[in-house]
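Hi everyone, thanks for making time today.

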Amino acid sequence: MKEKKLTTGAGIPVSDNQNSLTAGERGPTLMQDHVLLNKLAHFNRERIPERVVHAKAAGAHGTFTVTGDITKYTKAKIFSEVGKKTEMFGRFSTVAGEKGSADTVRDVRGFALKFYTEEGNWDMVGNNTPVFFIRDAMKFPDFIHTQKRMAQTNLRSHTMWWDFWSQVPEALHQVTILFSDRGIPKGIPYMNGYGSHTYSFINAENERFWVKFHFKTKQGIQCMMQEEADRIVGENPDYHTQQLFEMIERGEYPKWTFSVQIMPEVEAENYRWNPFDLTKVWPHADYPLIEVGEMELSRNPENYFAEVEQSAFSPANVVPGISFSPCKMLQARIFSYADAHRYRLGANYESLPINRPKCPVHNYQRDGSMRFDGNSGASVNYEPNSFGGPKADPAYAEPPLKISGDADRYDQKRGVDDDYIQPGNLFRLMPADEQQRLIQNITSSLQKVSKELQEKMVKHFRKADKDYGDGIAKGVGL
Ligand code: NDP
């Protein structure tokens, strides 16, 4: 291989990258050693702001292949014909820990996918759970504070978790998943991904359907028991990251089946669950899964920072044929994800190679810090214009969304016990040994909090299922 010449960022050849320029052999360093100054100054700026949530992650490139025809529900080009392939990138994260934190902790996992379609990037920014702890974004920063660190000690706190959850019963469903076996996957290839929110599909006739997204692992769900996970935290904090990388290097490409649940628009009005409540699933018996495709991860990143750290996903990125729903959490994420990336990466983050669409991009946005492409050259930068600038196409207009009611702050509830039925159903479908481990996992956390909090939580668990609550009461000695 031909040896490459070392240069500065300006391309100037460097004569010595080992010894700084000093006044005499033992003398002080000269200001003139711009190679040294530049090296230190760049090093000081290597870190960009860490994501507030989902900071620790692994990522990989892959392909999505259509296996089932859903063109009657959506005109999205990615699904236009069976056999069609689309390049994608996935980022899989823990939520609460910092960028260097351990992988095998009990936590929800982020499941963020970017599909580079010919009509723009579709970002499917999901989790490995079909529901979430809260259904209104007003609670989000408070909830995340409970998962992070206490103001004085900088320690994590079981009291913060249970204090919050005891006052937010809609969290019980996600709490049950978190403390079940699925709370610690054996690895990224062994977990499912869910869009979690309800989205909409729009077909060629401009009809809207409500839709939920499911990515089911083809490797089978495999979980890690608490003792093993605790041991691996110490032995190899990057266990999941390493496992995914090495599997792909060996050619063992992980795969997921992509399926959807479809609800005709009118059924949402009278369905027994609010279909836009992020703390609820749509039971499979009501809305069975329809198989659509297969996702395969087959290529590791060349450079972690460029591809995984700089990747930026936003639920706002939906393509023609896919759209939003009134889910209050989704509505807030449409704003907050892009906002987080503007802070973390700058206004031009969508032009970074990992985020850049593979289709043409034409708009009137210009300038901004770190504009490293041609900034649209000499082309016209305002609209309306008479110089052939890009034009919006009304053919892409969505069908109007019917809205009714008074503007107000609603506590999104239907029945009084609405928040307990689905966590109870989940508990009841678990085999007895898994129920016991769930109870044990919750008990060992609740043992670290006050009796008053334990009592409050046992009441909630009993409302979901008597055996569930009784088991926890027994475990904490109430
Ligand atoms: P079903 O019996 O049709 O579905 C049960 C689903 O539960 C399974 O398909 C599986 O989802 C999931 N599941 C099984 N074991 C566990 C576990 N230990 N932890 C988490 N999820 C598990 O019943 P319903 O559709 O009526 O749902 C019953 C409950 O199942 C719900 O209240 C919800 O908690 C849970 N669930 C439902 C999902 C849905 O979309 N309907 C999705 C995931 C969970 P999967 O095949 O996706 O792994």
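Let's begin at Thr65, which touches Gly83, Lys84, Lys85, Val292, Gly293 and Glu294, leaving out residues up to four places away in sequence. Keep in mind as we go that this is a predicted model. Thr65 sits in strand β1, which covers residues 57–66. Is Thr65 buried or exposed? Its relative accessibility is 16%, and the cut-off for buried is under 20%, so Thr65 counts as buried.

Now please move along to Arg208, in strand β7, residues 208–217. With a relative accessible area of 7%, Arg208 is buried as well. Which residues is Arg208 in contact with, leaving aside its neighbours within four places in sequence? The list includes Ser200, Phe201, Ile202, Glu265, Ser323 and Phe324, and also the run Glu398, Pro399, Pro400 and Leu401. Glu398 is 190 residues away from Arg208 in sequence, yet their C-alpha atoms are 8.7 Å apart in space. The side chain of Arg208 has two polar partners I'd like to point out. One is the side chain of Ser200, in a polar contact at 3.1 Å. The other is Pro399, whose backbone oxygen lies 2.7 Å from a polar atom of the Arg208 side chain.

On to the helices, starting with α3, residues 158–166. At its start, a side-chain oxygen of Ser157 comes to within 3.2 Å of the backbone nitrogen of Thr159. Further along, Trp161, Trp162, Phe164, Trp165 and Ser166 are buried. What do the buried residues of α3 pack against? Their partners are α2 (140–147), α4 (172–179), α10 (432–446) and α11.

That brings us to α11 itself, residues 451–464, which packs with α9, residues 418–429, at an angle of about 75° and with the axes 7 Å apart. The two helices are therefore roughly perpendicular to each other. From α9 come Tyr420, Pro423, Gly424 and Arg428, and they meet His460, Lys463 and Ala464 of α11. By type, this contact has 3 nonpolar, 2 polar and 2 charged residues.

Finally, let's zoom out. The protein is divided into domain 1, 30–361, and domain 2, 420–478.

Conventions:
Residues are numbered from 1 along each chain as its sequence is written. This is a predicted model: local features need pLDDT of at least 70, side-chain atom pairs count only at pLDDT 80 or more; totals for chains, interfaces and linings use all residues. Side-chain values use heavy atoms; hydrogens and water are left out. Axes are lines fitted to C-alpha atoms, for helices over the stretch in contact, and angles run from 0 to 180 degrees between N-to-C directions. Helices (H or I, at least four residues) and strands (E, at least two) are DSSP runs, numbered from the N terminus. Angles under 35 degrees count as roughly parallel, over 145 as roughly antiparallel, 65 to 115 as roughly perpendicular and the rest as oblique. Contact means heavy atoms within 4.5 Å. Ala, Val, Leu, Ile, Met, Phe, Trp, Tyr, Cys and Pro count as nonpolar, Asp, Glu, Lys and Arg as charged, and the others, Gly among them, as polar. Buried means under 20% relative accessible area, exposed over 50%, partly exposed in between (1.4 Å probe, protein chains only). Domain bounds come from an automatic or database domain assignment. A polar contact is a pair of N or O atoms within 3.5 Å; within protein, one must be able to donate a hydrogen and the other to accept it, and residues adjacent in sequence count only if both atoms are side-chain atoms.
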